[in-house]
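Welcome! Let us take a walk through a two-chain model together, one part at a time.

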Amino acid sequence: MNRTRELKYRRTTEEFVGSFHAMASPCEVLIQSSSESDARKITDLVCGEAARIEMKYSRYRDDNLVSKIHQHQPVRVDTETARLLDFADTAYSLSDKRFDISSGILRKLWSFTESAKVPSRAQLKLLLPYIGWDKISWDGAIISVPEGMEIDFGGFAKEYAVDSALNLVGSSFEHPVLVNFGGDLAANKPPISRDTWSVGVRKVSNSSKTASFKFKSGAIATSGNRYRYIYHKGKKLSHILNPQTGWPVSNAPVSVSVAMNNCLQAGLFSTLASLLGKDAEQFLTDQEVEHWVQR
Amino acid sequence: MKYKNIKKAISTASIAALGVTNASDSIIDRMDFNGTLLFYSEPDRVSAVEAIFDSKYYMKNNDVLGLKITVDVLTGASASGAVTTDVDQTFTTPSGNGLYTTRANETPLDDTFKDTRISLSPSWTRRWNSNYKSVIGATISKEYDYLSLSANTMLSYNTDDNNRIYSLGLTFAHDTISPEGDIPIAFGVMQDVGALQPRLGTDDTRITADLLLGITQVIDSKSLFQINYSASASDGYHNDPFKVLSVIGADGRPVIENTTTGLSSAVFENRPDSRLKQSLYFQYKRDMFDSHVLDASYRFMFDDWGVTSHTLDVKYKYRLNDVSYLQPHARIYQQSEADFYMPFIVSGKEPGAGSSSSHASADYRLGEMTGYTIGLEYGRDNVDRPWSIALEYYLQDLGDIKGAFGGINSKAEDVSAVMLRFNMDF
């Protein structure tokens, strides 16, 4: 599975670093071990798991489960997918329908490139009836997506892959390992050589401070991308779209990072905070989670 | 305004999603189970019930492990090979411990036929990369008087953007038969109950090697074509220990071996100790009108026993709606007789007991025959629990008995059968 992916290794003073590209992101594995052979095996495992999840849940393939679901007939899914759909279902109801895995079709109208155009209200009005997790039939085993609708695991697949890869490593190895897929990361235990892992977050504007996370174990997920926005009528529109209006969230933070036990829930909270725009900080404070918001 | 704290609920949901306690540690990603129940009945002859349980385990590393369990129960009677005539006939059972009488104008059937077979077939499938796939499997099959062990492997190579698949398959089998009443001596004469029967040894064996070469070609987005060549070479014991040939006298009736007991004269059959079968198989499948499927195949088989056969099989899956279909099925099978097939032996011309270089069998399965099958299947797929039910009717038209001696035995009795099959995923 890894043959088609280029794996790179380097050794720092304290650890091995394996790196590869998956899920449209640069991925790194930090391994605190004296055994290079173990480090390579661990990187292989992590890369393999990333590739597996990417292949299984990518919406760009015509030979996977997602494409089967998009044939709009009832599909009995495997247990892993069932767990993810249950999670999406819970997230949808707990977030007052803001987190919606059926909202991916908005990308048909919005693209956040330099030449992108803002869609018209009429265009959005035609598309909105095809968004809404509550219109999709899911009974815990069988999913049936109506014609014209789609689901997208992209909202949490990368975070899930981080957790899943780390679990996989933990079932065979004892070494402290940190998995970082494009800024979503998790560590199984504190490093040996020092008290905490230290991960820097890029400074996004002059007004915000450079953040550096120190943590022993657990996960940090970040939502936001400073390059993805377009200008419309003199306003900068963020790429965070509200699934209920189909329109970018106003006053969305540039980046939201959340630290929690696992990457999947950290990712969900950072996404939900971004969707709340100006209320992002207050939401996270009320949730009593450690967070860093950059505006 | 204060936001509702959902941290705990999301945390619980995320732990469930990661399946940390069990499933993510499990090496099995998904399991599929399928069950089939089959009822087969030839009126007045064999009836069978077969249950098949097929399980597939999709591993996290993309390997697929399979285990198929089959249980058959057969009861009833099968034609012994002795001729039908216009007088009552008496025979000794294969065990040598009992006798049975066949009424005038009825086909002699050995009705002590009862057996249970259990078979296990594990398999391991690995996709090495996007081009190569291998399957390694084995089968152990055991019934009262029969044990079959086999190992098989199949390698397939996918090329031309998945539009062409080359397949190579090999199977080796070792069969042991230890029949009730031991192994009959070739052309030995059936003796009375209690007398010493012509037997040699308690069991015998046969080995078989099979080769399969196949090409599957996708023609366009709606159709594909498959060609297979297969060869099967076997060496060892090929006789059916329960089959006999009647010895016919000048009056066209079986000779009476013992006028006191009325025992008919019959000798045990003998077939060559090797066989080479070759066959060519062509299959064409086509998607019709975006919802129905035509599946047509033809097989040509020939062997060094002089048997050639043609099988034409056509199925049409007619989709009634998104979740159900009807599938009519028709099959014609035509076979020529083996070089050594003979419906009986003329008295005075029977080879001596133990003449292993002479070959003769009256087993109707080696004679000329034409078989017709028609069937209808109703199935529900694309639903929660796919299932199907099929009913088939089979009629076997045996050829006229050539060289009818004395004009009494002119036509073999046709065999018909009804089959009901139920299949379900669970």
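A residue counts as buried if 20 or more other C-beta atoms lie within 10 Å of its own, as exposed if 12 or fewer do, and as partly exposed in between. Keep that rule in mind, and remember too that this is a predicted model.

Is B:Met154 buried, exposed or partly exposed? B:Met154 has 18 C-beta neighbours inside 10 Å, so B:Met154 counts as partly exposed. You can find B:Met154 in strand β8 of chain B, which covers residues 146-159. Which residues does B:Met154 touch, if we leave aside its neighbours within four places in sequence? Its contacts are B:Ser134, B:Val135, B:Ser167 and B:Gly169. One of these, B:Ser167, sits 13 residues away from B:Met154 along the chain, and the C-alpha atoms of the two are separated by 6.9 Å.

Now look at B:Asp287, in strand β16 (residues 274-288) of chain B. Here the count is 15 C-beta neighbours inside 10 Å, and therefore B:Asp287 is partly exposed. Not counting residues up to four places away in sequence, B:Asp287 touches B:Lys222, B:Ser223 and B:Val293.

Stepping back, we can look at each chain in turn. Chain A comes to seven helices and 15 strands, while chain B has one helix and 23 strands.

| Chain | Residues | Buried |
|---|---|---|
| Chain A | 295 residues | 41% |
| Chain B | 426 residues | 19% |

For chain B, residues 24 or more positions apart account for 61% of the contacts with a separation of 6 or more.

**A pair of helices in chain A**

Next, find helix α5 (residues 157-170) and helix α6 (residues 263-275) of chain A, whose axes come within 7 Å and cross at roughly 160°. Angles over 145 degrees count as roughly antiparallel, so α5(A) is roughly antiparallel to α6(A). The crossing of the two helices is right-handed. On the α5(A) side, the contact is made by A:Glu159, A:Tyr160, A:Val162 and A:Asp163, and on the α6(A) side by A:Cys263, A:Leu264, A:Ala266 and A:Gly267. Sorted by type, the residues of this contact are five nonpolar, one polar and two charged.

**Where the chains meet**

How many residues does each chain bring to the contact between them? Chain B gives 24 residues and chain A gives 29 residues. On the side of chain B that touches chain A, the elements giving two or more residues are α1 (7-18) and β1 (28-41) of chain B. Of the elements there, α1(B) gives the most, with nine residues. That side of chain B divides into 11 nonpolar, six polar and seven charged residues.

**Confidence**

Finally, a look at the scores. Chain B has a mean pLDDT of 90, and 94% of its residues reach 70 or more. For the model, ipTM is 0.85 and pTM is 0.60.

Key:
Residues are numbered from 1 along each chain as its sequence is written. Chains are lettered from A and ligands numbered from 1 in the order in which they are written. This is a predicted model: local features need pLDDT of at least 70, side-chain atom pairs count only at pLDDT 80 or more; totals for chains, interfaces and linings use all residues. Two residues are in contact if their C-beta atoms, placed from the backbone, lie within 7 Å. Helices (H or I, at least four residues) and strands (E, at least two) are DSSP runs, numbered from the N terminus. Ala, Val, Leu, Ile, Met, Phe, Trp, Tyr, Cys and Pro count as nonpolar, Asp, Glu, Lys and Arg as charged, and the others, Gly among them, as polar. Axes are lines fitted to C-alpha atoms, for helices over the stretch in contact, and angles run from 0 to 180 degrees between N-to-C directions. Angles under 35 degrees count as roughly parallel, over 145 as roughly antiparallel, 65 to 115 as roughly perpendicular and the rest as oblique. A crossing is left-handed if the near helix is turned anticlockwise from the far one by less than a right angle, and right-handed if clockwise. pLDDT is the predictor's confidence in each residue, from 0 to 100.
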